[in-house]
Amino acid sequence: MSDLLTKLAKAIAKEKIKVIDLTQTLRPSTPVIQLPPPFAPSAPFSIEEISRYDDKGPAWYWNNLAMGEHTGTHFDAPIHWVTGKDYRDGATDTVPVQRFIAPAVVIDCSKEAKKDEKFLLTPKHILAWEKKHGTIPKGSWVLMRTDWSKREDPAKFLNMKEDGPHVPGPNADAVRLLVERDVNGWGVEAVGTDAGQAFSFEPAFPAHALMHGSNKFGLASLCNLDKLPPTGAVIVTAPLKIEHGSGSPLRVIALVHDED
Ligand code: 23J
Ligand code: MN
């Protein structure tokens, strides 16, 4: 056991364990969730130069940033939703750090989402996945691959229509099953963890209401899920330590053991 971490570091250096970036680049054009009135909007990402090796700072370059907590690739903490508001260990600064390193399983819904922009993951799909790959282990992240991150045009990524966003996600029963499996959290490639039409589900926004109500996390705007195996990856998901924060942009990193 004493050399376990040395072995890990060597395997990473030798690329026996691959490190995969599941993070989208943050820039002013990064798509941000759009809520209908009367709900207050989240600010987009903005970046303002303080100095760049110039009169304002001759030897240094740095920027001021502004954004909503839920911008780009980001972490949803349990207190983000009213159902999770009383978890004392449910804010960005109080979640036990151990929960920021956990295994991840990937459910490939890319074919379904390509055919149907409003594709809903149901218990039937999850149970079929489990028949092939085994029961989702307690404490794992469950990541929904849709290839949605390949939509480079922000308008196509948000896919807003007359009746709200046409974006895939889980139905309420799928989220209930994941809560039953006692997962660490639920992650997606889309702008939010819930389906585009989830405002009309029962309960509304089940990936938020039920997951956070059970002290579980969310990850949104992930990418490179097509580079992960269905089981076996470990992901690192530490949000900024914002006091009483509801979430934050973060770098999401996956470790994948290269078997050959
Ligand atoms: C606020 C209200 C509704 C939703 C969201 C935020 C998110 O998706 C989010 O980023 O957590 S659906
Ligand atoms: Mn969020």
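Which residue just after α3 takes a positive phi? In this predicted model, the residue is Gly 134, with a phi of about 95°.

**View 1. The manganese ion (ligand 2) and its protein donors.** Three residues supply the donor atoms: His 70 through ND1, His 74 through NE2 and Asp 76 through OD. Along the sequence, the donor residues follow the spacing H-x3-H-x1-D. His 70 and Asp 76 are both buried.

**View 2. Helix α3 and its buried side.** Helix α3 spans residues 123–133, and its buried residues include Ile 126, Trp 129 and Glu 130. These residues lie on the same side of α3 because they cover an arc of only 100° around the axis. Among the elements covering the buried residues of α3 are β5 (101–108), β6 (120–121) and α5 (172–180). Lys 124, Lys 131 and Lys 132 are exposed on the face turned away from the buried side.

**View 3. Strand β12 and its neighbours.** In strand β12 (residues 217–220), Phe 217 and Leu 219 point one way, whereas Gly 218 and Ala 220 point the other way. All four of these residues are buried. Strand β4 (residues 74–76) pairs with β12 in the antiparallel sense over 3 bridges.

View 4. Strand β11 (residues 185–188) runs parallel to β12, and 3 bridges join the two. Gly 187 has Leu 219 of β12 as its bridge partner.

How values were computed:
Residues are numbered from 1 along each chain as its sequence is written. Chains are lettered from A and ligands numbered from 1 in the order in which they are written. This is a predicted model: local features need pLDDT of at least 70, side-chain atom pairs count only at pLDDT 80 or more; totals for chains, interfaces and linings use all residues. Side-chain values use heavy atoms; hydrogens and water are left out. Donors are N, O and S atoms within 2.8 Å of the metal (3.2 Å for Na, K and Ca); water is not among the atoms, so sites may look incomplete. Buried means under 20% relative accessible area, exposed over 50%, partly exposed in between (1.4 Å probe, protein chains only). Helices (H or I, at least four residues) and strands (E, at least two) are DSSP runs, numbered from the N terminus. The arc is that of the directions from the helix axis to the C-beta atoms. Contact means heavy atoms within 4.5 Å. Two strands pair if DSSP finds at least two bridges between them.
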